[in-house]
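Here are my notes on this structure, as numbered points. Please read them beside the sequence and the coordinates.

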Amino acid sequence: MEKGTAGENPTRINKYACACAIVASMISIIFGYDTGVMSGAMIFVKKEFHISDVKTEVLAGILNLCALIGSLSAGRTSDYVGRRYTIVIASILFFLGSVVMGYGPNYTILLLGRCIAGVGVGFALMIAPVYSAEVSSPSTRGFLSSLPEIGISTGILLGYLSNYVFAGLPLRIGWRIMLGLAAIPSVFLAIGILKMPESPRWLIMKGRLREGKEIMYKVSNSPEEAEFRLREVKRNLGMDENCDDDVVKISDSVKKQDEGVWKELLLKPTKSLQRILLAGIGIHFFEHATGIEAVILYSHRIFAKAGVHDHKHQILATCGVGLTKFSFIVLSTILIDRVGRRKLVLTSVSGMVLALTGLGTFLTLAEQSGGKLVWTLVLSIITTYSYVAFFNVGLAPVTWVYTAEIFPLRYRGLGVGIGVAVNRLMNATVSMTFLSMMSAMTIAGVFFMFAGISVIALIFFYFFLPETKGKSLEEMEALFTKSKDSKNVRKEVEIGNH
């Protein structure tokens with residue numbers, strides 16, 4: 001039995017916690033759909049509105065730029081209104097954005113709808129993994145916290161399939177149906193989410209101990225495990241771990257401390273918090289700096305450069321990207337709690353370096369031959385799929401699982417929100433500059449650049465990401481504390497466990 005998981009059956013997934021995580025992950029499907037569907041819809045929007053490549057980049061990237069607003073406000077929102085109602089807010093924003101995009105009489109209104117949905121993206125990306133992590137036990141947290149990433153991959157694949165299915169409709173109708181469809185599941189999710197329980201850790205943080213205890217018992221495999229987890233949360237929040245009152249009044253000093261979370265995390269962090277923040281921001285930065293959004297949004301351009309010139313065939317090849325992404329995300333959920341976060345991400349990024357280098361090489365040869373060499377076309381498609389596979393088996397899920405689990409409870413909402421903001425900023429940067437970079441340095445040159453950034457990412461992950469597999473959420477700060485401080489904190493944790 002792993003240290004820090006007393007009273008728990010490590011081989012068993014709690015069905016109630018799993019159901020909670022699955023429902024929370026539904027918001028990620030809608031986000032994934034909004035991302036994937038734009039890949040094909042852009043072809044038809046460009047035809048109808050006669051927009052330039054720069055306007056196409058803005059349309060693609062505005063979703064993630066506006067997600068900055070959502071991600072930066074979602075952390076504090078979730079701390080105030082709870083994790084559950086934050087998911088409801090995200091659902092409402094997705095509904096409004098989808099309706100406006102489906103209406104889309106001109107480019108400006110289309111951008112407005114995309115921006116509204118983008119704010120919802122910021123909320124969804126922050127809250128889904130946090131909620132899943134907070135209802136999970138240490139041994140199954142990797143699996144349950146990666147469910148939102150499966151949701152995103154499912155949504156992207158559905159978006160690509162929507163492109164293929166509706167591509168044959170009249171120009172003015174097809175892309176509007178593609179973009180407006182996301183409004184339907186948003187309504188059902190906003191209603192269904194209200195039947196979910198609130199995060200037990202959030203309830204305890206607000207002094208609602210009886211409610212938190214009831215839910216903790218439901219998401220744990222045994223009363224012993226539930227009590228152990230309850231004690232850890234209370235100790236982490238500075239409460240008496242033996243307190244059994246129904247409601248505890250949160251003192252003014254604790255409230256003031258909560259109000260000073262921004263200062264403590266960003267201006268005066270402890271050494272361990274500095275390392276946690278660096279790891280959290282770094283992994284989110286490199287997830288998109290290594291170029292995945294270029295493939296997700298512009299794969300039809302990549303395949304066109306490789307030699308696929310028919311729009312329908314480009315969209316079909318893009319469906320292969322979605323299927324690869326989904327398949328390897330599912331595989332990652334099996335591996336993440338067995339192999340561990342660190343090994344998985346290092347293997348993932350190593351493979352990405354090789355795949356990106358190969359893609360750059362074969363696209364160079366394809367361009368030089370004018371797209372006439374069949375073998376360069378085939379190898380360009382294979383290396384594109386390989387890159388997507390390596391990315392999704394490690395870096396994609398680990399990014400969200402890792403940041404949702406490393407921040408101490410009182411900093412978690414804000415810390416994850418900052419990570420998501422960096423994530424969306426890099427996503428927007430890649431999606432809004434890819435076509436311009438492609439013109440400036442060729443498409444092969446862009447992928448060689450992404451390969452170089454992946455090498456830097458590999459070095460960063462090797463030195464700054466310790467393994468978190470099997471650790472409780474309350475042990476994370478000790479994990480990021482080094483030398484003598486680390487030994488002292490670990491002793492305190494061990495004493496607390498006994």
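1. In helix H7 (residues 171-180), the buried residues are Gly174, Trp175, Arg176, Met178 and Leu179. Buried means under 20% relative accessible area, exposed over 50%, and partly exposed in between (1.4 Å probe, protein chains only). Helices are DSSP runs (H or I, at least four residues), numbered from the N terminus. These buried residues of H7 pack against helices H1 (15-49), H3 (83-103), H4 (107-135) and H6 (147-166), with contact taken as heavy atoms within 4.5 Å.

2. This is a predicted model, in which local features need pLDDT of at least 70, side-chain atom pairs count only at pLDDT 80 or more, and totals for chains, interfaces and linings use all residues. Residues are numbered from 1 along each chain as its sequence is written, and side-chain values use heavy atoms, with hydrogens and water left out.

3. A search of the whole structure finds 1 disulfide, a disulfide being a pair of cysteine sulfur atoms within 2.5 Å. Cys66 is joined to Cys115, with S to S 1.9 Å. The pair links distant parts of the chain, 49 residues apart, with Cys66 in helix H2 and Cys115 in helix H4. The disulfide is left-handed, because the torsion about its S-S bond is about -75 degrees.

4. Cys66 is buried at 6% relative accessible area, while Cys115 is partly exposed at 24%.

5. Cys18 is buried at 16% relative accessible area, and Cys20 is buried at 4%.

Note on methods: Helices (H or I, at least four residues) and strands (E, at least two) are DSSP runs, numbered from the N terminus.
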